[in-house]
Amino acid sequence: MHNEQKSVVPLYRWMNKVPGGAMLIPLVLGSILGTFAPAALDIGSFTTALFKDSAMPLIALLIFATGTQVSLRTSGPVLGTTGVILLAKSIVPGLLIIGLAAITGPEGLLGISVLAMLAAATNSNGGLWLAITGQYGRAKDRGAYIAGAINDGPFFALLFIGASGLGEIPFVTLLAAIIPFLLGVLIGNIDAQWTDVLKPVPGIVIPFFAFALGTGIDLADVAQGGLTGILLGVLITLLTGGLVYLGYRFLLRRGKESGIGFAAGTASGNSVATPAIVAAADPSFSDYVGTATSQVAASVLVTAVLAPVVTTWVLRRAGAQPAQEEKDEEDRALASHTDDEEGLS
């Protein structure tokens, strides 16, 4: 029998009491250190490698590990959930923003340019999605993280700007973002032992890559984004998260669990670089880059705080079960099914 050691200071438990805390708290701590003591992260060796430069490789490992948890039996629901998230989080908001641009021009509305809207609204924070669905979701929700791999960064912003003849879709880069997940699915279905070995990976890597991502968010940029950046973040959570919620409720018919959709109402850390990337593809957007970057940076932190809170509130109000109870029920059903098959053999 495993004897659990008592923590002197239960930091991990305290962190997880905050909705999405495993992602949010390290992200904020990283942004504080990266803003006020950036030299501390540049001393080199393993310190710099882990706390500043680890985000991309750790996210890649998380993507691969998530793929190993998707069996062929669940791949249909995973793809269906992914499709709904992409439709409601990226495609519909992108079309609405382009429609707004036809009326307002690139200046946008309320001081928020179309460039800032597209950069922040059409992507989502895949790490935060995994952190929240790890607490409240099912396997098909966690597997649908692939939506975050597809819409992370400038892809959809360039796609919708390209509808006006601007920008190009970097297909090879998009493919490169999906390959680790597909390889994980392949390996997990070939060798079930890999599925077991990699199951704890999310709980291990999320705090570390969140901290590393946070070091790239300058709080001065967040402050410069001011009220317009905060407003952008609030709108992203409520409007795009609300659209995914509706997709969960009416397309996926998830009932009490539909509140999980609000977990997609986020802006990813990588979206901070999107305005500059878009301007490189089309210099006519150069005048908007500075303001848009600061607004997007503010929205990243606002959505990282707001999306978990809204998701948790909606789920609890609807009476949704905690994820662990659902996992236990699924495990019992699978064990019962296995026993029945052994009885017949």
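Predicted model: local features only at pLDDT ≥ 70, side-chain atom pairs only at ≥ 80, totals over all residues.
Two residues are in contact here when heavy atoms of theirs lie within 4.5 Å. Setting aside neighbours within four places in sequence, T68 is in contact with G184, V185, G188, W194, T195 and L198. The residue belongs to helix 4, which covers residues 55-68. With a relative accessibility of 2%, T68 counts as buried.

**The overall picture**

Stepping back, the protein has 17 helices and 0 strands. Of its 345 residues, 47% are buried. Take the contacts between residues at least 6 apart in sequence: 81% of them join residues at least 24 apart. The protein exposes about 16800 Å², with carbon and sulfur atoms supplying 67% of that area.

**The core**

The largest nonpolar core holds 77 residues, and M23, I85, W129, I206 and F209 have the most contacts inside it. Helix 16 (residues 289-318) gives this core its largest share, 9 residues. As for I206, leave out residues up to four places away in sequence and it touches A22, M23, L62, G127, L130 and A131. One of those partners, M23, is also on the list of residues with the most contacts in the core.

**An aromatic pair**

The count of aromatic pairs comes to 3. In the pair of F51 and F211, the ring centres are 5.7 Å apart and the planes sit at 75 degrees; planes over 60 degrees apart count as edge-to-face, so this pair is edge-to-face. F51 sits in helix 3 and F211 in helix 13, so the pair ties together parts that are 160 residues apart in sequence.

| Residue | Relative accessibility | Class |
|---|---|---|
| F51 | 32% | partly exposed |
| F211 | 16% | buried |
| T68 | 2% | buried |

Now for helix 14, residues 219-251. What separates its ends from those of a straight helix? Its 33 residues would reach 48 Å if straight, at 1.5 Å a residue, but the end C-alpha atoms are only 39 Å apart.

How values were computed
Residues numbered from 1 in each chain as written. Heavy atoms only, no water. Phe/Tyr/Trp six-rings, centres within 6.5 Å; stacked < 30°, edge-to-face > 60°. Helix = DSSP H or I, 4+ residues; strand = E, 2+ residues; numbered from the N terminus. Buried < 20%, exposed > 50% of the residue type's maximum accessible area, 1.4 Å probe, protein only. Expected span 1.5 Å × (residues − 1). Areas by Shrake-Rupley, 256 points an atom, 1.4 Å probe, with all protein chains shown as cover. Core = buried A, V, L, I, M, F, W, Y, C linked by side-chain atoms within 4.5 Å.
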